[in-house]
Amino acid sequence: MIPLTLAEIAAATGGELVGGEPASTVTGRVEFDSRLVGPGGLFAAFPGARVDGHDFADAAVRAGAVAVLGTRPVAAPTIVVADPLAAMGALARAVVDRLPNLTIVGVTGSSGKTSTKDLIAQLLVRLGPTVAPAGSFNNELGLPHTVLRADEATRFLVLEMGARGLRHIEYLCQIAPPRVGVVLNVGVAHIGEFGSVDAIAQAKGELVEALGPDGVAVLNADDERVAAMASRTRARVVTVGESPAAQVRAADVRLDERGRAEYTLVSGDVRVPVRLELSGRHQVGNSLAAAAVALSQGMPLAELGPGLSDLRLVSTRRMDVYDRADGVTVIDDSYNANPASTAAALQALAAIGQGRRRIAVLGYLAELGERERAGHEEVGRLAAELGVDRIVVVGAGAGPIHDGAMAVGQWGGVSVQVSGQDEAVALLRAELRPGDVVLVKGSRYRTWDVADALRQDGAVELRTGVTA
Ligand SMILES: Nc1ncnc2c1ncn2[C@@H]1O[C@H](COP(=O)(O)OP(=O)(O)O)[C@@H](O)[C@H]1O
Ligand SMILES: [Mg+2]
C-alpha cells in the first residue's frame, strides 16, 4: 500500500486508533490472512464464523504488522471500526483518491471474468506497471484487497467484479471507480440468487453505468443483453465479438488440434492475424475484449498480434490442457461450471478429441436455482450431440446430465453415473488408454479431486498455454 499513517487510516475508515502512535506509518501490504502479513503491513481482523481474526493479531504483529484493523482493541495498535469489510472498502477508496494517474479497468460477466482479467493484465503490463489479483478476488473483500496493492508506480489496476445481487457491482465501482468497463456475457451463473436473467443483466450493467464520459465501455456484441447495455452508459462504447457489427471483431476463427484459436482481428480497415496459445473457443471473445482494452489505452495495433500470441494461462484449473506421458490428454476445466462454460469446454473437447476417444467427466453445476434440472439436462444433451464417447456423471446432483445424454436418440456413446469423485477416479484409472482425451468439469470442489488425481497419475509431458 502507499504509505499511510495510522491517523490517516483511522480517518479514511471512520475508525478510532487505540493504543498506537497516530504518526506510525503502514508501508507494507494490507492482509486479512495473518500468514501473509509482512513487515510494515496492516492486518485486517474479521470476526469469522469458525475463527476470529482477532485471535491472530499477535502472529500478525510478530510477522511485522504495524497495526490491526478490527472491531475491538487487541494487544497491539488497533484501528477500531464497526465493520471491517466496509473499512477495507473505504481505505481502498482513499488510496485510489491519492493515485490520480491510475487507470482502473473493471471486468464482469457470468463466465470468463478471471480468464479475461488475466489476459487484460498481460496486455496492459506492456504499456505500464499493472496490478491485478491472483485468481478471482472479485467481491467486497477481494476487490479492496487488490486495490490496496496499488501504489504511485502503478499505471493500471485490473479488477474482477462479481455480483450475487443487485447493487453489488455498483458498490465495487464506488470503491474503485473504473475508467474502462468490460462486460463479457450475461448467463445464468448465480441465477438462484438473482431470480431472473434480466436481473443478472441489470446487475452486470452497473459496471458501465459507473463509467464517466471519458470512460470506455467494452461490450460483447454477440450477447444481446450485453450489447443493449450501450444505452446505460455515458462512456464511449467499443463492441467486440464475431458479429459483423462488432468494432473489434474476430473473423475466420479456426481451432487447431489443441483447441487453440487462430483468427483475424479486424478493427476498422486494419486486419491483424492472431494465433492464441490458449485452448478453448471462448478465449476468442475474451482475447478480443482484452485487445479492445489495450487499444483504448494506446497499444499500437502492430503490437497487438504479438501481445495476443504471448498470452498465457495464469489462473489454474481453467482450460488447462496437457498431455500425459502415457498419451492421455487432459483438459482440466474443473475450477467452476455453469451451462455456458460447460458448453465451451465440451466444444473444446470435441475439437481436441477429433479422431480420438472423448471422455467428459461432468459434476454438479451449482447455483442454477429453478433451472437446475433443465440446465443439467442441456449439458448432457450437448455432450451427446457433440459426439462425446463416454460421459462420467459425478454425484447424484448431476444426475440429469445422464438423463439429457440418454435422451439423444442417435448417440452412440455411453453415460455412466458414479456416486462421487473416488468412484470416478477408480473408473478412469481402469479405463483410460493412450490417445484418450478427458475433460474434467464441475463446480469447484465437486470435481477438483478427479482433476488432481489425473494430474498425479501421469507425468505431464506437454502443456499448452502456460508459462514455464
Ligand atoms: N467467455 C467465456 N464464456 C464461457 N465460458 C468461459 C468464458 N471464459 C472462460 N470460460 C470458462 O468458464 C469457467 C470459469 O472461468 P473464469 O475465468 O474463472 O470465470 P469467472 O471468473 O467469471 O468465474 C472456466 O471453465 C473457463 O474455461
Ligand atoms: Mg472468477
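How far does a polar side-chain atom of Lys441 lie from an oxygen atom of ligand 1? In this predicted model, the separation is 2.6 Å, a polar contact in the sense of a pair of N or O atoms within 3.5 Å. Taken alone, ligand 1 exposes 550 Å², and the protein buries 91% of that area, as computed by the Shrake-Rupley method with a 1.4 Å probe. An oxygen atom of ligand 1 is also 2.9 Å from a polar backbone atom of Gly112, and a polar side-chain atom of His282 is 3.3 Å from a ligand 1 oxygen.

Turning to the shell as a whole, 17 residues surround ligand 1, each with a heavy atom within 4 Å of the ligand. The closest are Lys113, Ser115, Arg318, Asp333 and Lys441. By class, the shell holds 2 nonpolar, 10 polar and 5 charged residues, with Asp, Glu, Lys and Arg counted as charged and Gly among the polar ones. Helices H4 (113-124) and H10 (282-296) each supply at least two shell residues, and H4 gives the largest share, 3 residues; helices are DSSP runs (H or I) of at least four residues, strands (E) of at least two.

A further site of interest is Ser279, which belongs to strand E16 (residues 270-279). Ser279 counts as buried because its relative accessibility is 4%, the limit being under 20%. The Ser279 side chain reaches the backbone oxygen of Arg258 at 2.8 Å.

Residues are numbered from 1 along each chain, with chains lettered from A and ligands numbered from 1 in written order. Local features need pLDDT of at least 70 and side-chain atom pairs 80 or more, while totals for chains, interfaces and linings use all residues; side-chain values use heavy atoms, without hydrogens or water.

Technical notes. Buried < 20%, exposed > 50% of the residue type's maximum accessible area, 1.4 Å probe, protein only. Polar contact = N/O pair within 3.5 Å; in protein donor to acceptor, adjacent residues only side chain to side chain.
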